[in-house]
Amino acid sequence: MTRPGFVLEVDERTPPLLVHRGEGFGVQRFPLGTRVVYPPDSLPALPDVRGSIRHAIMNPLGSEPLPELLRPGMRLTIAFDDISLPLPPMNPPDVRQLVLEEVLELAARRGVEDVELLVANSLHRRMTGKEIEAVVGERVFRSFWPESLRNFDAEDPGGLTYIGQTDKGEDVEISRRAAESDLLVYVNINLVAMDGGHKSVPVGLGSYRSLRHHHNVNTMLHSRSYMDPPSSALHGSAARMGRLLADHLRIFTIETTLNNETFPREFGFLNRREWEWSLRDQAGYLAAKKANDAAPGRIRREVFRRIRAPYGVTGVHAGETEAVHEQTLANVHRQQKVEVSGQSDIMVVGLPYICPYNVNSIMNPILVMCLGLGYFFNMYVGRPLVRPGGALILCHPVPWEFHTVHHPSYVDFFEEVLAETTDPSQIESKFEEQYATDPWYVHLYRNSHAYHGVHPFYMWYWGAHALDHLGDVIFVGGDRRAVRRMGFRAASTFADALEMARERVGSSPTITYLHSPPLALAEVR
Amino acid sequence: MTVALELFRSVPRYLAARAVGERVPGLVAGPLAPLRLVNRDEPVPPAEGWGRVAPRLAGICGSDLATLSGRTSFYFSPLVSMPFVPGHEVVGDLFDDVEDLPAGTRVVIDPVLSCAARGLPPCSSCAEGSTGRCDRVTVGHVSPGLQTGYCADTGGGWSAMLVAHRSQLHPVPDALPDERAVLVEPLACAIHAALRGRPEPGDTVLVVGAGTVGILTLLALREFTDAGSIVVVAKHQGQRDLARRYGATEVVGPREAVSAVRRGSRAFRLQPERGGAFLLGGVDVGIECAGTRGSLDLALRTTRAGGRVVLAGLPVAGADLTPVWFRELEVMGAYASGMERVNGDRRSAFDLAMSVAAEVDLDGVLGATYPLGSWREAIDHAMSAGRLGTPKVAFDPREDS
């Protein structure tokens, strides 16, 4: 029986607690009474993943078994989640590879010849051949790359099909290949509750024209949170689009969920609760910390980039999108949900080195903001962990550093847009269109490996709910210039940050530390 | 006798200043300066139509500093006569009656020593009113010298007395204070530079450099053209503030300039294997106002194909001219001033400058004045004017009397 997540109250016996700090980590003593939210222990992995995949596609939810949907002469497209999932990338074989192999074998046996595989990268950067191979495996890659295995291009005028509008007037435009297929199979990894469901096809294979209807400030302000789909305007919009698509296109969804085995053995201490650290864990922590602190930045980054998570697969479900996603969400909740009683004045998060948009890249300040105020702030169901007007303390160095190939529009966003305003609504109305349609960014998105010109805007909007909710955001150890540019405050130490936060929330604040990753989803009552 | 700062020929000082002047500007104001404070004979009016002028204020121009630090081209060597007294941005009092102007008239000087001043029939350029393009600047009544401030016979503004021809004299309205009047000459040059670029209504313009030339060029663009977006490249905070004050659409640092122009023009940006990035696309008009190789490169690399690049700063060698060829750029110089066409009328750039100086708040542009005796401090200050937030530094020879 796996232990559930729980909330620890810091007392005199509580050891210093592990805190992520970008490409580094350390231990930190928290004030007495601080609540620490720990995720549940890792769920047991499925013993036979291939068998589970076969079972799921032969016994789907709300759909005929996959073999019955396959026939000779048909056009089959298989789309799958891109490099943004899972985090960190998982040990081979990637579960997507296992699913793809099963589906492709089945299709071959059923005589399907017109098969294409699409990376559902939406407005994310194109994956390189090597990155795709790591996801789909050598066999699939060798058979399909590059003619029949490619990145989706949301800016290819000839490669998009306009489906129509939802009853709320939202344009739906997706990949032509997918839209004109007899069957679209979507293969996902549902790492957090935000992923999957109707968000997969309309977003992953959608164009800017389509995405702008839900990737905007208003929607994000009404997504409370976007980790809780029933309460998320983002998911409401995606669902409307998905249902419209389902009227035009046969979609067979295969969703997978992972457990919380986030870090490999050498970083095993990161997966465990501090007071349960064995001697080996303690030695591992000390050695890793010393080596990491002493290493030059380049080496440090390379070490973190090479981390592969030993994730276990906890569930595979297939069939009709909504029926599948219900099961998937239950699995995610089983792994991540933690009940928390009430909000606090201050929320503390240590931000790790990776987020969905800096795999094999650099976590620039905008991504840091998105990770903290977007992802971690929104890791709640019900109410945020911090009260309205409260303070969010984030631990991260926030280096003023960008990957110029992957994030060219981020550089300009940081230099031009944030220099003028940090208000998401103003940014949206004044700058979004210009960046989204900039031919240079479009060119780099299509031909290089750049995120779309509009992507930094979405990152900023991702934090809109937090910006609206919070009274203060303080980065411990953050580059002062970069933090100031984003409109936040920097503190040298955690103690300083607490002191600064007290100015805002009062002298005896309640504090909650979200001890993550591994991921925890707080159900705040 | 009159007190003056005299620039003299010194090969060792020239070589030393050229070698280290840019990196250690303090040395140019110190032991390396080929400049000395002297008592010398007052310059004598060489002919009818000339008179003496006692400078009230005389600005230190970027071209003066370039001369002191050995950064000017040898091209100029036959166009000057040594030793000379620098200083061509001058407001002063007329000491003699000169034709229609009585002694005591406060004047600014158009420094160009054109055919009229030299007692020659007008060359074709002078006949057109383009005195800056005069072909006779080495002959006539006075020694070779492209301008007052580079001629051994006329003296220059960095002294208590110079001589000037009636064609160079422009009376200053009483209401115009000296601190603004001393800016009339650089302002006239800036108007000339702005109009040389011929920006069409709505055209985008890049002004590279936000020293006096850059700021006044920006001002001229706003006053006399319908240019649209104007991006100014400024290094220092004081320059940025001034650029915003005088109507820049965007002010950026040198390192952000290519990105800023790219964003504004939605151009494509390419990165060569060596050297700075360049754009395919860019601004309609680039105006180089800093007089450095980097700033000229920047202007050439960010102006759209078929666009115009104006060299308002003193040109330097070494810029990569490939974009001129590949992008078919029109590259043009903007030297001194002359008659300009504004809204269909032909008017003297000095008259235009005088009206702008009277109407526009130029307070703060002249940031410091020094007596001639404190010339080392003055030059030192001027060499670091941008960093110190002082657009213009000037001599006040009256303080030496």
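In H6(B), the buried residues are B:Val184, B:Glu185, B:Pro186, B:Leu187, B:Ala188, B:Cys189, B:Ala190, B:Ile191, B:His192, B:Ala193, B:Ala194 and B:Leu195. Buried here means 20 or more other C-beta atoms within 10 Å of the residue's own, against 12 or fewer for exposed and anything in between for partly exposed, with C-beta atoms placed from the backbone. Helices (H or I, at least four residues) and strands (E, at least two) are DSSP runs, numbered from the N terminus.

This is a predicted model, where local features need pLDDT of at least 70, side-chain atom pairs count only at pLDDT 80 or more, and totals for chains, interfaces and linings use all residues. Residues are numbered from 1 along each chain as its sequence is written, while chains are lettered from A and ligands numbered from 1 in the order in which they are written.

Back to the helix: H6(B) covers residues 184-196 and spans 18 Å from its first C-alpha to its last, close to the expected 18 Å (1.5 Å times one less than the number of residues). With 12 of its 13 residues buried, H6(B) is mostly covered. Just after it, B:Arg198 takes a positive phi of about 45 degrees.

B:Ile191 is one of the residues with the most contacts inside the largest nonpolar core, alongside A:Leu392, B:Val232 and B:Ala353; that core has 301 residues. A nonpolar core is a set of buried Ala, Val, Leu, Ile, Met, Phe, Trp, Tyr and Cys residues joined through C-beta atoms within 7 Å. Leaving out residues up to four places away in sequence, B:Ile191 touches B:Ala220, B:Phe224, B:Ser337, B:Glu340, B:Ala349, B:Leu352 and B:Ala353. Contact means C-beta atoms, placed from the backbone, within 7 Å.

Now for the domains, whose bounds come from an automatic or database domain assignment.

| Chain | Domain 1 (residues) | Domain 2 (residues) |
|---|---|---|
| Chain A | 6-43 + 336-524 | 51-258 |
| Chain B | 2-183 + 362-400 | 186-342 |

In chain A, the C-alpha centres of the two domains lie 28 Å apart, and 31 residues of domain 1 are in contact with 28 residues of domain 2. The domain 1 side of that contact divides into 20 nonpolar, eight polar and three charged residues. For these classes, Ala, Val, Leu, Ile, Met, Phe, Trp, Tyr, Cys and Pro count as nonpolar, Asp, Glu, Lys and Arg as charged, and the others, Gly among them, as polar.

In chain B the centres are 27 Å apart, with 22 residues of domain 1 in contact with 21 of domain 2. Here the domain 1 side has seven nonpolar, 11 polar and four charged residues.

A:Val454 sits in the loop between H16 and H17 of chain A. It counts as buried because 26 other C-beta atoms lie within 10 Å. Beyond its neighbours within four places in sequence, A:Val454 contacts A:Leu123, A:Tyr208, A:Glu432, A:Tyr435 and A:Ala436.

What about the two chains together? Their contact takes nine residues from chain B and eight residues from chain A. On the chain B side, H9(B) gives the largest share, four residues.

As for confidence, the predictor gives the complex an ipTM of 0.74 and a pTM of 0.85. Where pLDDT is low, the predicted coordinates should not be read in detail.

Definitions and conventions. Two residues are in contact if their C-beta atoms, placed from the backbone, lie within 7 Å.
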